Amino acid sequence: MDQIKFTFQQYSFLVIPIVVLVVSVSVVGLVIVPQLLSYLDTQKKISALNDRSTRLETKINDLNSLDSDQMSKDLQILLNVLPTSPAVPETVVSIQGLMSQSALITKNLNFGQLKQTGDNSSYVLNLTALGQPPQLGLFLSNLDNFQRAVTVEAIRFSNQGDGAEITLPIDAYYKTVSASKINPEQPVAKLNEKDKTVLQQLYSRSAPLVINTTSENVSVPLGKADPFQ
Amino acid sequence: MNKLAVNLLPTDLLEEKKQNLKFDLLRKVSFGVLVFVVILGGATVALRLTQQSALNSANDRVSNDQNQVLAMSDKDSQAWLIKDRLTSIEGILGGDQKRKQIYSLIMNLLPPGMQVTDLSLDKSNNLIISLNTTSLADMDALFHDLADQSKNQNLISLVDFDGLSMGKDNVYRFTLKIKTN
């Protein structure tokens, strides 16, 4: 016992440094190092959040700068040019109107099956008409100002004694609205100079066809006020 | 005035005093290290707490911004829809421009006395045209214009002359196969 006591007294001066060392290593290992490591990790998170916030604020500013009324008008024009559905009757009526403007006589107008071309859908309108090359030229020129997005796939003209016949397969395009949700993080879709020019051209195209219906008041003889008289 | 200093303490005591001074220094250094480590630990904890507050603040800001963006999602969708439709329309509209240009060019180059009996302009913009004329000069003028780059707008790469005939009515009938650039 005395031996132990003697040894303790001999090395008692080392007790405090050893305790300090153990405590220091524990504090450094269990507190300081983990806190510093997570500090760096959190700093990255804060930086990422700040970047995200900057992007979102830019988007908010961009969205605030957009003119809702103008956008509605633009969209209306674009939906006339490239509708969400085939709108076959409207297109047929419009093309017939364009043909009569170009002095072509419609012989036959039928539409083929629906096609999928990339993102867009289309169907073929097979147009057969009577007319001469200059009138066909006028029709093609008028098509440049047509309110629908259409392309002439081929041009055939035949003048065989019994009259000049023109055959034009015309692709009429439409595009359904995709159901995909817009990611709020993605920047606002902005129009570039080319887009703006095309949009102006579309505005200058002829106004969309409006089919007016007239209602007339028809007077029908109602007979006697009292039918038992 | 000179001072006389005489150390009368025994040597053992002096040694013990020296030893105690060393132990004292060791204890002081140990306490110093302990205090330093505790302060450092406290500082890192305080830093983390401040950082946590900055993190919460950044999260709140992002969440607030997201709500603002979501509140304008209709506008966002409209802008996206406009861009998407315009891109599609731009892709569609130029599709037949060359075909129309070729047709218009050929009609402009045809001399007034020349009649088209058949014309076929296909999807690859290759043109086959059958023509009637009573004038060889008109034919000559047409060939010249078709071959002249200043008049053919550099649209024509090859003209294949095919099947020339002349009927009893003195009308020349011929077919041209035109390849475009």
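Which helix of chain A do the buried residues of H1(B) pack against? They pack against helix H2 (15-65) of chain A.

## Model and conventions

This is a predicted model: local features need pLDDT of at least 70, side-chain atom pairs count only at pLDDT 80 or more, and totals for chains, interfaces and linings use all residues. Residues are numbered from 1 along each chain as its sequence is written, while chains are lettered from A and ligands numbered from 1 in the order in which they are written.

## Chain A

Chain A has 6 helices and 5 strands. Helices (H or I, at least four residues) and strands (E, at least two) are DSSP runs, numbered from the N terminus. Along the sequence the pattern reads α-α-α-α-β-β-α-β-β-β-α. Of the 229 residues, 19% count as buried. Buried means that 20 or more other C-beta atoms lie within 10 Å of the residue's own; exposed means 12 or fewer, and partly exposed lies in between, with C-beta atoms placed from the backbone.

Two residues are in contact if their C-beta atoms, placed from the backbone, lie within 7 Å. Among contacts in chain A between residues at least 6 apart in sequence, 69% join residues at least 24 apart. The domain assignment gives domain 1 (16-65) and domain 2 (72-204) of chain A. Such bounds come from an automatic or database domain assignment. The centres of the two domains, taken over C-alpha atoms, are separated by 59 Å.

## The A-B contact

Chain A puts 61 residues into the contact, and chain B puts in 58 residues. On the chain B side, the elements giving two or more residues are helix H1 (11-71), helix H2 (73-93), helix H3 (97-109) and strand E1 (115-121). H1(B) gives the most, with 26 residues. By type, the chain B side divides into 29 nonpolar, 14 polar and 15 charged. Here Ala, Val, Leu, Ile, Met, Phe, Trp, Tyr, Cys and Pro count as nonpolar, Asp, Glu, Lys and Arg as charged, and the others, Gly among them, as polar.

H1(B) has 61 residues. From first C-alpha to last, H1(B) reaches 90 Å, close to the 90 Å expected at 1.5 Å a residue. The expected span is 1.5 Å times one less than the number of residues. Buried in H1(B) are Ser30(B), Val37(B), Thr44(B), Asp65(B) and Val69(B). These buried residues meet helix H2 (15-65) of chain A.

Ser88(B) sits in helix H2 of chain B. Ser88(B) is buried, because 20 other C-beta atoms lie within 10 Å. Leaving aside neighbours within four places in sequence, Ser88(B) is in contact with Leu82(A), Asp119(A), Asn120(A) and Lys175(A).

## Helix H3 of chain B

The 13 residues of H3(B) should span 18 Å at 1.5 Å a residue, and the end C-alpha atoms are 18 Å apart, which agrees. Arg99(B), Ile102(B), Tyr103(B), Leu105(B) and Ile106(B) are the buried residues of H3(B). Seen down the helix axis, they fall within an arc of 160°, so they line one face of H3(B). The arc is that of the directions from the helix axis to the C-beta atoms. On the other side of H3(B), Gln97(B) and Asn108(B) are exposed.

The buried face packs against elements of both chains. From chain A come helix H5 (133-143), strand E3 (150-152) and E4. From chain B come E1, strand E2 (127-133) and strand E4 (172-180).

## Strand pairing across the chains

Strand E4 (residues 155-159) of chain A pairs with E1(B) in the antiparallel sense over 4 bridges. Two strands pair if DSSP finds at least two bridges between them. Arg156(A) has Ser120(B) as its bridge partner in E1(B). Phe157(A) stands opposite Leu119(B) in E1(B).

Within chain A, 4 bridges join E4(A) to strand E5 (residues 164-174), and the two run antiparallel. There, Phe157(A) has Ile166(A) as its bridge partner in E5(A). Within chain B, 6 bridges join E1(B) to E2(B), also antiparallel. Asp118(B) is bridged to Ser130(B) in E2(B). E1(B) and E2(B) form a hairpin with 5 residues between them. In the turn, Asn125(B) has a positive phi of about 65°.
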